[in-house]
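Here are my notes from a pass through this one, written up as numbered points. Have the viewer open while you read.

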Amino acid sequence: MRILFLVPYPTGKAPSQRFRFEQYFDFLTAAGHQYEVAPFISDATWAILYKPGHQLQKVVGILQGFARRIALLFSVSKYDYVFIHREASPIGPPIFEWLIAKVLGKKIVYDFDDAIWIPNTSEANKIVAGVKWHHKVGSICRWAYKVSCGNAYLRDYARQFNANAFVNPTTIDTTHLHNRVRDQQAPGKLVIGWTGTHSTLKYIEQVVPVLARLEQEYDFEFRVISNQPPELPLRSLVYQPWRKETEIADLLTFHVGLMPLEDDPWAKGKCAFKALQYMALGEPALVSPVGMNTEVVQDGINGNVCATPEQWEAALRNLISSPTVRTRMGQAARQTVEARYSVVANRENFLALFS
């Protein structure tokens, strides 16, 4: 098969692309398929996309993206499948998707890992929020040959429009990337960690009072790895800028990983990716009981599910005070990822999208 990947961002940059399909490219080649990747955003535009200012350059970058999409329509006919991650263009109606499916007659595999039909405006995207055209998701699902969804909540939404909607989880490469395990017995200050982008920093706020109480009794570090520093009233806070080159080594500094969420329709679409990253490295994950978190984390076995401040505090106390418990849970966490959420375990599921 010849497969065209229509994606928002350059290859190797965005986590959703890296962990949903880019790490399967070698498997596609091994299976005899040929593929090409067509990002909407160029490398130059990506470099300034989430930085303040640069408005003219951003507008020019978007217009150039539309020009590339228009030019690409003339070569779509040579592909057997068109894999569209999230959308063919970040703003406006689904014109390209309609042309590819209805005029050019191509099989679309439509992929998403968030509740992208729900407006979720942040400071970074407020300028284009009014023209995002969130309701186009249902139409693209209807036109698609298959819909690849990050979890069951997203799949159930897609099945309103297309019976061929399947769960294709966001997965971890336990062989080449997340291929080391945290030594919970090693000496040194205990690190409680969180990683994520600026848009999800708000979720940390619910655990700040718990951490503030615990730092009065225990000597630990609360390390936040993100693209923007948080403003939190914690003396244990250490901010570390996210860097792809040191991503795994930085995550390996955690003993315990946190994934608090708010229980709202947007968060239900989350695919437990933070938790999976921690768990793959042998680190117990403490999560809110929202979305896919309760599917991934088994309370007391490979982590803890925490619905109240009291539960967050009890779970953290238990893990802070016992390296043995952290080791046991961390080993179970790694086994969970290898068995159910690794690239190797999901390989055939992914390849079946193109059957």
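This is a predicted model: local features need pLDDT of at least 70, side-chain atom pairs count only at pLDDT 80 or more; totals for chains, interfaces and linings use all residues.

1. A quick term before anything else: buried means under 20% relative accessible area, exposed means over 50%, and partly exposed is whatever falls in between.

2. Staying with Lys-13: its side chain meets that of Asp-43 in a salt bridge, at 4.0 Å from N to O. The pair ties together distant parts of the chain, with Asp-43 in helix H3 (residues 43–48) and Lys-13 in the loop between strand S1 (2–7) and H1, 30 residues apart.

3. How many salt bridges does a search of the whole structure find? The count is 20. Another of them joins the side chains of Arg-213 and Glu-313, at 3.0 Å from N to O. Here too distant parts of the chain are linked: Arg-213 belongs to helix H8 (residues 208–214) and Glu-313 to helix H13 (residues 309–321), 100 residues apart. Are the two partners buried or exposed, or partly so? Arg-213 is partly exposed, because its relative accessible area is 39%, while Glu-313 is buried, with a value of 16%.

4. Then there is a salt bridge between Glu-348 and Arg-347, whose closest N and O atoms are 3.8 Å apart. Glu-348 has a relative accessible area of 56%, so it is classed as exposed; Arg-347, with 28%, is partly exposed. Elsewhere, salt bridges that share partners join Arg-86, Asp-113, Asp-114 and Lys-270 into one network.

5. Glu-247 sits in helix H9 (residues 247–251) and counts as buried, because its relative accessibility is 8%. What does its side chain make a polar contact with? The partner is the side chain of Arg-18, at 2.7 Å. Leaving out residues up to four places away in sequence, Glu-247 touches Arg-18, Phe-19, Trp-242 and Gln-277.

6. The largest nonpolar core has 87 residues, and Tyr-110, Phe-112 and Phe-222 have the most contacts inside it. Helix H11 (residues 273–280) gives the most to this core, contributing six residues. There is also a second, separate core of 15 residues, which includes Ile-3, Phe-5, Val-7 and Phe-21.

7. Not counting residues up to four places away in sequence, its contacts include Ile-84, Ile-116, Val-137, Ile-140, Cys-141, Ala-144 and Val-147. Among its other contacts are Arg-86, Glu-87, Lys-146 and Ser-148. Arg-86 is also a member of the salt-bridge network in point 4.

8. Trp-98 is part of helix H5 (residues 95–103) and is partly exposed, given its relative accessible area of 40%.

9. Last one: Pro-15, in helix H1 (residues 15–20), is partly exposed at 39% relative accessibility. How far apart are Pro-15 and Thr-171 in sequence and in space? They are separated by 156 residues in sequence, but by 11 Å in space, C-alpha to C-alpha.

Key:
Residues are numbered from 1 along each chain as its sequence is written. Side-chain values use heavy atoms; hydrogens and water are left out. A nonpolar core is a set of buried Ala, Val, Leu, Ile, Met, Phe, Trp, Tyr and Cys residues joined through side-chain atoms within 4.5 Å. Buried means under 20% relative accessible area, exposed over 50%, partly exposed in between (1.4 Å probe, protein chains only). Helices (H or I, at least four residues) and strands (E, at least two) are DSSP runs, numbered from the N terminus. Contact means heavy atoms within 4.5 Å. A polar contact is a pair of N or O atoms within 3.5 Å; within protein, one must be able to donate a hydrogen and the other to accept it, and residues adjacent in sequence count only if both atoms are side-chain atoms.
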